[in-house]
Amino acid sequence: MDDFWALPPVASGARLIFAPSYVFKLPVPELWRIFTSFCITGKGWEVLYDTYFLWTYSSTLEKESPRFTRPGDFFVYILFLGVFILATAGGIMGGYTFLSPMILALAYTYSQDNRRKKVNFFIIQLEAKWLPWAMLVAALVLGGPYTMIYQGTGIIAAHLYDFLTRLYPIFGEGRNYIQTPKIITQWFGGEVKRAQSKGFGTSFAPQAQQAARPSNGFSTAFSSPWSSRGQGRRLGGD
């Protein structure tokens with residue numbers, strides 16, 4: 001770490017890494033470090049490796065994952081991962097760049113959505129459910145136990161998100177506490193449904209409603225052969 005700080009600021013990226021003493025420095029806190037610390041990759045082949053996996057997993061999750069159905073859901077997911085990784089890899093382990101834990105978090109979520117899909121990890125083909133663990137083993141071989149634990153904080157972050165938003169609400173019959181705020185949904189161009197108070201609870205209506213057609217009884221979005229029939233009569237009646 002001392003050798004890193006000894007380098008010129010431009011060469012070392014010292015003004016971009018996460019350093020709490022500078023992030024919270026007064027009178028001018030360097031808050032940009034919180035974000036730029038997730039953009040710094042390694043050297044050599046790691047630049048291509050990190051860029052490829054970051055683009056592949058993030059773009060696939062944002063476009064195809066059933067977890068992120070509303071505008072802003074993926075942003076909240078990334079925000080949750082970032083806060084957890086900052087607290088663990090940064091606050092507890094003293095790290096200063098967090099792209100590798102973030103990539104492992106994305107890979108873990110991708111593997112949960114595509115468990116049976118075949119993927120290539122270097123020259124090895126395996127099911128996607130084993131991908132994050134293969135990446136963790138590679139971190140152990142190339143960087144040692146500290147690197148493995150450091151990058152493993154991303155897996156913990158992604159699993160905690162999965163637990164709080166899917167496992168606990170579905171299997172534990174609990175509440176999903178990580179909801180996308182309305183302001184973020186609107187910020188990403190989504191429509192926020194308006195709540196209407198009813199005697200039996202609360203209903204939500206879209207911003208623009210079509211005029212309702214008169215109907216007998218109730219209407220649904222599905223047509224039925226009986227919808228065009230007249231009034232029914234009891235068999236055997238007059």
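1. Of the 238 residues of the protein chain, 36% count as buried, where buried means under 20% relative accessible area, exposed over 50%, and partly exposed in between (1.4 Å probe, protein chains only). This is a predicted model, in which local features need pLDDT of at least 70 and side-chain atom pairs count only at pLDDT 80 or more, while totals for chains, interfaces and linings use all residues. Residues are numbered from 1 along each chain as its sequence is written, and side-chain values use heavy atoms, with hydrogens and water left out.

2. On confidence, the protein chain averages a pLDDT of 79, and 74% of the residues score at least 70; pLDDT is the predictor's confidence in each residue, from 0 to 100. Over residues 194-238 pLDDT stays under 50, and for this segment the model has 18 contacts beyond four places in sequence, a contact being heavy atoms within 4.5 Å.

3. The protein chain holds 10 helices and four strands, and from the N terminus on its elements run α-α-α-α-α-α-α-β-β-α-α-α-β-β. Helices (H or I, at least four residues) and strands (E, at least two) are DSSP runs, numbered from the N terminus. Among the contacts in the protein chain with a separation of 6 or more, 52% come from residues 24 or more positions apart.

4. A search of the whole structure finds 21 aromatic pairs, counted when rings of Phe, Tyr and Trp (its six-membered ring) have centres within 6.5 Å, with planes under 30 degrees apart taken as stacked, over 60 as edge-to-face and the rest as tilted. The rings of tyrosine 57 and tyrosine 110 have centres 5.2 Å apart and planes at 45°, so this pair is tilted. It links distant parts of the chain, since tyrosine 57 lies in helix α5 (residues 45-64) and tyrosine 110 in helix α7 (residues 99-113), 53 residues apart. Both tyrosine 57 and tyrosine 110 are buried, and ring pairs link Tyr49, Tyr52, Phe53, Tyr57, Tyr110, Phe121 and Phe122 into a cluster.

5. The rings of phenylalanine 75 and tryptophan 187 have centres 5.7 Å apart and planes at 85°, so that pair is edge-to-face. Here too distant parts of the chain are linked: phenylalanine 75 is in helix α6 (residues 73-92) and tryptophan 187 in helix α10 (residues 182-187), 112 residues apart. Phenylalanine 75 counts as partly exposed at 31% relative accessibility, whereas tryptophan 187 is exposed, with a relative accessible area of 63%.

6. Which residue is the kink in α9 centred on? The kink, of about 45°, is centred on phenylalanine 163; the bend at a residue is the angle between axes fitted to the seven residues ending there and the seven starting there. The buried residues of α9, including Tyr150, Gly154 and Pro169, pack against α6, α7 and α8 (131-143). Just after α9, glutamate 173 takes a positive phi of about 55°.

7. Leucine 131 has its place in helix α8 and counts as buried at 0% relative accessibility. Leaving aside residues up to four places away in sequence, leucine 131 touches Tyr57, Ala107, Tyr110, Val119, Phe121 and Leu126.
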